[in-house]
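Open the model in your viewer and keep the selection tool ready. We will begin with the whole chain, then move to single residues and pairs.

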Amino acid sequence: MYQGTLSQHSFHSKIYAGTSRDYWLYIPKQYQEDIPANLMIFQDGFYYLDENKPMQVPVVIDRLMAEGKIPATVCVFINPGVFEQPSKPEHHPDSQRSLEYDSVSDQYTRFLSQELLPEALAGLNISNEPKHRTTVGFSSGGICAWTVAWFRSDLFGNVLSHCGSFVDIRGGGKYPYMIRNEHAKPIRMFFQSGENDLDTRYGNWALGNQQMAAALKFKHYDFRFEFGTEGHNLVHGAELLASSIEWLFGNRD
């Protein structure tokens with residue numbers, strides 16, 4: 001069981017007009033008002049909190065802090081937006097997810113930086129240094145985590161992606177080419193995929209992640225890529241969670 005304080009909230013967006021979403025704020029017991037805390041932002045937040053799923057992030061965060069491996073770290077777990085008044089009866093709760101997560105634009109980054117985070121983190125002492133701020137996600141949330149840092153590496157310097165959708169859903173398959181042909185950005189990335197990851201008409205997830213690794217290597221990014229045998233799930237990512245967080249927040253000197 002986690003030792004800090006977890007609170008649930010609802011948020012209504014203007015940037016994604018007509019949508020609302022739940023988010024959770026985790027403040028660890030190690031948080032001190034006079035010391036800037038690290039920050040982690042989780043897309044598909046419930047996946048990383050659900051007791052029936054493998055991640056159990058607050059428990060892992062607590063253990064890393066107790067062992068002195070990372071500083072006090074505040075976490076925000078954000079669900080994708082849902083339409084408050086669906087235009088069609090068949091709209092379901094995750095109907096906004098692909099638009100928010102898979103789009104190669106700065107819209108979701110602006111939503112985070114201008115709307116949700118100022119409310120969620122109000123009154124908290126959070127580090128403004130990108131190397132102390134991490135975006136996280138699974139599948140489409142994984143590519144979203146990269147997109148947030150890609151467009152605002154001055155705000156988020158770390159990315160943790162689990163089976164990221166670096167395929168041609170809304171243009172994300174172009175990222176390896178974009179990385180190779182633009183100046184390297186100050187982003188540290190830890191990501192994983194597996195030989196049994198998805199293979200659909202949008203592309204092959206294992207190959208997409210391997211292409212990302214090759215592009216990051218070509219441009220001399222600071223990254224770690226773990227390729228296993230699992231499919232499109234959080235099993236391997238959960239096994240790597242503690243080591244990945246410790247590495248992302250580790251020494252950059």
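Predicted model: local features only at pLDDT ≥ 70, side-chain atom pairs only at ≥ 80, totals over all residues.

Show the surface of the whole chain first. Residues are numbered from 1 along each chain as its sequence is written, and side-chain values use heavy atoms, with hydrogens and water left out.

**The whole chain**

Switch to cartoon view. You will find 7 helices and 11 strands. These are DSSP runs, numbered from the N terminus: helices are H or I with at least four residues, strands are E with at least two. Turn the model around. The C-alpha atoms fill a box of roughly 50 × 45 × 35 Å along the principal axes. The radius of gyration is 17 Å, which agrees with a compact globule of 253 residues, because such a globule would have a value near 18 Å. That radius is taken over C-alpha atoms, and the globule rule is 2.2 Å times the number of residues to the power 0.38.

How much of the chain is buried? Buried residues make up 51% of the 253 residues. Buried means under 20% relative accessible area, exposed means over 50%, and partly exposed lies in between (1.4 Å probe, protein chains only).

Now think about contacts, meaning heavy atoms within 4.5 Å. Among contacts between residues at least 6 apart in sequence, 76% join residues at least 24 apart.

**Stop 1: Val57**

Select Val57. It is found in helix α1, residues 57-66. Is Val57 buried or exposed? Val57 counts as buried, because its relative accessibility is 0%. Not counting residues up to four places away in sequence, Val57 touches Phe42, Tyr48, Cys75, Phe77 and Leu241. Val57 and Ala238 are 181 residues apart in sequence, yet 8.8 Å apart in space, C-alpha to C-alpha.

**Stop 2: Gln96**

Move to the loop between β5 (82-83) and α2 (97-102), where Gln96 lies. Gln96 is buried too, with a relative accessible area of 4%. Which residues does Gln96 touch? They are Tyr16, Thr19, Gly81 and Phe83, not counting residues up to four places away in sequence.

**Stop 3: charged pairs**

Side chains of opposite charge can pair when their charged atoms come close. A salt bridge is a side-chain nitrogen of Lys or Arg within 4 Å of a carboxyl oxygen of Asp or Glu. The whole structure has 8 salt bridges.

Select Glu100 and Arg21. Their closest N and O atoms are 2.9 Å apart, in a salt bridge. This pair links distant parts of the chain: Glu100 sits in helix α2 and Arg21 in strand β2 (residues 19-27), 79 residues apart. Both Glu100 and Arg21 are buried.

Next, pick Arg224 and Glu226. Their side chains meet in a salt bridge, at 3.0 Å from N to O. Arg224 is partly exposed at 30% relative accessibility, and Glu226 is partly exposed at 24%.

Finish with Lys131 and Glu129. The closest N and O atoms of this salt bridge are 3.9 Å apart. Lys131 is partly exposed, with a relative accessible area of 34%, and Glu129 is partly exposed, with 41%.
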